Amino acid sequence: MSVATYAFLILFFVFSGIHLFDSWKDDAAARKKTKPFLLIFLILFYVTAAQRHGGIEYHLLLALVTSWLGDVLLMPKGHHWFALGGVSFGASHVFFILVYAANIVFESMNWWIVIPVALLYFAVVFAVIFAVQPTTPKIMVGPMYIYLLANATMNSFALMQLITHRSAGAVVAYIGALLFFISDCTLFLVRYYKKNEDLIFHKHFTVMLTYLFGELLIVVGMLMQA
């Protein structure tokens, strides 16, 4: 990797560390100062690294950009901002699906593995929404179902990529996708579940830890496969 690539990766870890520390303290004002920069440094890391690994995969770049936009849109308070952030993150899941789909051999897919795992993801989605539904504005319930199902579908495609390639990069990317799913489920519980203090460990810390490492591992996994 180039010096710039290492520099952007270091900056990603530094800003992520500061953000996670502020999340651990539950300091909302401090978290807002670093959040806009987190995915910027990951995007710059990917762009510089990809130039030495077969070139930029633009669907992956778009997935990261829409994730960054989702981060920014989630910062203000209000259900409409939360919904707009969800739309942007939903777009990122679509782009991630396109990234994985290009590497999948559907004709030889082992559906006996894919279908049960996909159903398990969908069951978790319904369990999370069922838990938060009593304390969630009715207008938000439908979009939340759609969003988490999109993430579950993204994870299913990451699994199919893993089954097709069975490479270290595919394993890393799948773990990243799984962490992203855990982050989103945790976020909904933190935001809308009444007793989240008893359920979620340090709330936003857990959300951001799984999210940041999820995005990083997806990027690293795809670079390993390039």
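**Entry 1: the end of α6**

I began where α6 stops: this helix is followed by R166, whose phi is positive, near 50 degrees. Helices here are DSSP runs of H or I with at least four residues, numbered from the N terminus. I noted that R166 is a residue other than glycine and that it sits in the loop between α6 and α7. Because its relative accessibility is 71%, R166 counts as exposed. My cut-offs are under 20% relative accessible area for buried, over 50% for exposed and partly exposed in between, with a 1.4 Å probe and protein chains only.

Before going on, I reminded myself that this is a predicted model, where local features need pLDDT of at least 70, side-chain atom pairs count only at pLDDT 80 or more, and totals for chains, interfaces and linings use all residues. Residues are numbered from 1 along each chain as its sequence is written, and side-chain values use heavy atoms, with hydrogens and water left out.

Next I checked the length of α6. The expected span is 1.5 Å times one less than the number of residues.

**Entry 2: α1 and the residue after it**

I ran the same check on α1: its 22 residues should span 32 Å, and its end C-alpha atoms are 31 Å apart, which agrees.

Which residues of α1 are buried? I found T5, L9, F12, S16, H19, L20, D22 and S23. Seen down the helix axis, the buried residues of α1 fall within an arc of 155 degrees, so they line one face; the arc is taken from the directions from the axis to the C-beta atoms. I kept a rule in mind: an α-helix has 3.6 residues a turn, so residues three or four places apart point the same way. On the other side of α1, I saw V3, I10 and F21 exposed.

What do the buried residues of α1 pack against? They pack against α2 and α9, where contact means heavy atoms within 4.5 Å.

After α1 comes D26, with a positive phi near 60 degrees. D26 is not a glycine either, and I placed it in the loop between α1 and α2. At 43% relative accessibility, D26 counts as partly exposed.

Leaving aside residues up to four places away in sequence, Y46 touches G55, I56, E57, L60, L61, L64, V219 and L223.

**Entry 3: L62**

L62 is in helix α3, and at 38% relative accessibility it counts as partly exposed.

How values were computed:
Helix = DSSP H or I, 4+ residues; strand = E, 2+ residues; numbered from the N terminus.
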